[in-house]
Amino acid sequence: MASQRKNKIKIKIVPRYLFIAMIVICLVLLIVSYRFSDSLGPVKSVAGNVITPMQVGINRIGSFFTSKLDYLKKVDDLIAKNKELTDKLNEVSYENKLLLQGKYELDNFRKLYNLDQTYADYPKVAARVISKDTNNWYSKFKIDKGSDDGIKPGMNVMAGNGLVGIITKTGKNYADVRSIIDDSSNVRGMFLDNSETCTVKGNLKLLDEGHIEVTDIKKGSSIQDGYEVVTSYTSQKYHPGILIGYVSGIKVDPSNMTESGYLTPAVDFSKLDMVLIITREKEELY
């Protein structure tokens, strides 16, 4: 039992006494070093030879880690700076897109305004294109105005510099448009230069080459490339005088009675965003 009690005895060192003892030892070593500095010279030399290389090594290691820490800090700073610049670039890019979109909208409104002024005699309302057929051209598409806005089938549609097509169907808040480029479209036209009549036919295959058909031209009409074709007074569906396009490549038909050629539309049918609808059908005006 006594041996077990001895094993359980633990030595407790009071931190305060240990601190005092270390101070005393340091003082003693300082006094001895000062008092016997000549006698301790060889010891100091040996210690210096041993400790100095260790200090050099420690300094090198310290310098290495310090340089690495500086490098890592610089990398972190560069990453933070790059993120800041990237965020600013994204912000500027977004603002630039908004400006471009605003400019695009302004250009569209300016074109519609100019078109409205060109055909000031016709009452009109603007609409936005909301969908189109799956082909590359706006041969048939929908707009965001319908019967609730007073839109009716048979109303003429314009954009760009002239005629787009005609309303074929309406819903409460939408309407379907068939363009003059559609294969089923036929528009009665006339040449401004000599008032000769013709028929403008839609042809999506020819449109890949930039034009559609113009037929039923009176032989010997002396039509030249670049003549303007507008909607004719004899048209049953279209108001007169709306620019359709420009003629080219006129030649005599195999029947030797009429002539035909190509027509380059006045409207870019590869992209349509906004249109104008003449809000009265032709028979309401004439």
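The questions and answers below go through a predicted model, from its overall make-up to single residues. Residues are numbered from 1 along each chain as its sequence is written. Local features need pLDDT of at least 70 and side-chain atom pairs count only at pLDDT 80 or more, while totals for chains, interfaces and linings use all residues, and side-chain values use heavy atoms, with hydrogens and water left out.

User: How many helices and strands are there in the protein?
Analyst: Helices (H or I, at least four residues) and strands (E, at least two) are taken as DSSP runs and numbered from the N terminus. Counted in this way, the protein has five helices and 12 strands.

User: Which residue in strand 8 stands opposite T199?
Analyst: Six strands, in the order 6-7-8-11-10-9, close into a barrel with antiparallel pairing. Strand 7 (residues 197-201) is joined to strand 8 (residues 212-218) by three bridges, and the two run antiparallel. The residue opposite T199 is T215.

User: Is I223 buried or exposed?
Analyst: I223 lies in the loop between strand 8 and strand 9 (228-231). Leaving aside residues up to four places away in sequence, I223 touches F191, N194, I217, V247 and I250, where contact means heavy atoms within 4.5 Å. Buried means under 20% relative accessible area, exposed over 50% and partly exposed in between, with a 1.4 Å probe and protein chains only. Because its relative accessible area is 11%, I223 is buried.

User: What separates the C-alpha atoms of I223 and S248?
Analyst: The two residues are 25 residues apart along the chain. In the protein, residues 24 or more positions apart account for 58% of the contacts with a separation of 6 or more. The C-alpha atoms of I223 and S248 are separated by 8.6 Å.

User: Is I20 buried or partly exposed?
Analyst: I20 is found in helix 2 (residues 15-35). Buried residues make up 31% of the 286 residues in the protein, whereas I20 has a relative accessibility of 45% and therefore counts as partly exposed.

Notes
Pairing = 2+ DSSP bridges.
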